[in-house]
Amino acid sequence: EDMKKPDWDDSTQDDRLVESTHSSVQAYRGILLDVRKDTARLPDRALSDREWIKHPGACAVLPVFEDGTLMMIRQFRYPLRKVFLEVPAGKIDPGESILATAERELAEETGVTATRLVHCGSFHPCIGYSDEVIHVFAAWDLKQDAHRMDDDEFLLPIRVPFTEALAYSRKGGIGDAKTMCSLELAADWWRREGPFDIGLDG
């Protein structure tokens, strides 16, 4: 959805801030990470190093049941050595549309399929070191199928009341930025356009 910028979000002088790429090399290529080391030309024409991660993008899905619950997952995250409560999500495969990614990740991580999915918005989770964008979908008209998890994924799907998940996130109980932002975007869309009432007030 197009958003009208407020007057105070003034971009008329942004040209004075823009950096350009002077050179770029691939520092590391792994299964997921594509790490680049660039030399950027600054607005004053000086040169400076920029290290960043090129990312294919990802989709997050909030499957909403008619009783007002979400299907979320508990998953161990190795870098932080702890289990997080998250919304289903995953990276976009080459040549895949964001809708196809959302449908695939929902089925793979929860065993749920949806007749209806809608794009609620997008955000950039780590603008200082990556070009990653996460597209957020709400899903409903759900059917529980066999759980088709990837062989190297260990997940625990759980049903959580949407309103309680949102409140818990706002109190700092979630911790995962992807899930926190996705809950807010989906809740905002559902208040305006949601096909059935799930008790989201504000």
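Tyr28, Ile31, Leu32 and Leu33 together make up a nonpolar surface patch with about 450 Å² of accessible area, where such a patch consists of nonpolar side chains (Val, Leu, Ile, Met, Phe, Trp, Tyr) joined within 5 Å, from residues with over 30% relative accessible area and no salt bridge, and areas follow the Shrake-Rupley method with a 1.4 Å probe, only the protein chains shown counting as cover for residues. This is a predicted model, in which local features need pLDDT of at least 70 and side-chain atom pairs count only at pLDDT 80 or more, while totals for chains, interfaces and linings use all residues. Residues are numbered from 1 along each chain as its sequence is written, and side-chain values use heavy atoms, with hydrogens and water left out.

**Surface patch**
- Tyr28, a member of the patch, lies in strand 1 (residues 20–29); strands (E, at least two residues) and helices (H or I, at least four) are DSSP runs numbered from the N terminus.
- Tyr28 is partly exposed at a relative accessible area of 49%, on a scale where buried means under 20%, exposed over 50% and partly exposed in between (1.4 Å probe, protein chains only).

**Arg36 and its surroundings**
- Arg36, in strand 2 (residues 34–41), forms a salt bridge with Asp34 at 2.9 Å, N to O, a salt bridge being a side-chain nitrogen of Lys or Arg within 4 Å of a carboxyl oxygen of Asp or Glu.
- Both partners, Arg36 and Asp34, are buried.
- Leaving aside residues up to four places away in sequence, Arg36 touches Ser24, Val25, Gln26, Ala27, Arg50, Glu51, Trp52 and Lys54, contact meaning heavy atoms within 4.5 Å.

**Salt-bridge network**
- The structure holds 14 salt bridges, and a network of them links Lys91, Asp93, Glu96, Arg104, Glu105 and Glu108.
- Lys91 pairs with Asp93, their closest N and O atoms being 3.4 Å apart; Lys91 is partly exposed at 33% relative accessibility, and Asp93 is partly exposed at 29%.
- Asp93 also forms a salt bridge with Arg104, at 3.5 Å between the closest N and O atoms; because Asp93 lies in the loop between strand 7 (89–91) and helix 1 (98–110) and Arg104 in helix 1, the pair ties together parts that are 11 residues apart in sequence.

**Cysteines**
- The structure holds 0 disulfides, a disulfide being a pair of cysteine sulfur atoms within 2.5 Å.
- The sulfur of Cys120, a buried residue at 12% relative accessibility, has its closest cysteine sulfur in Cys59, 12 Å away and too far for a bond.
- Cys181 is partly exposed at 33% relative accessibility, and its sulfur is 11 Å from the closest cysteine sulfur, that of Cys126, which is too far for a bond.

Key. Patches are made of residues with over 30% relative accessible area and no salt bridge: like charges are joined within 9 Å, nonpolar side chains (Val, Leu, Ile, Met, Phe, Trp, Tyr) within 5 Å.
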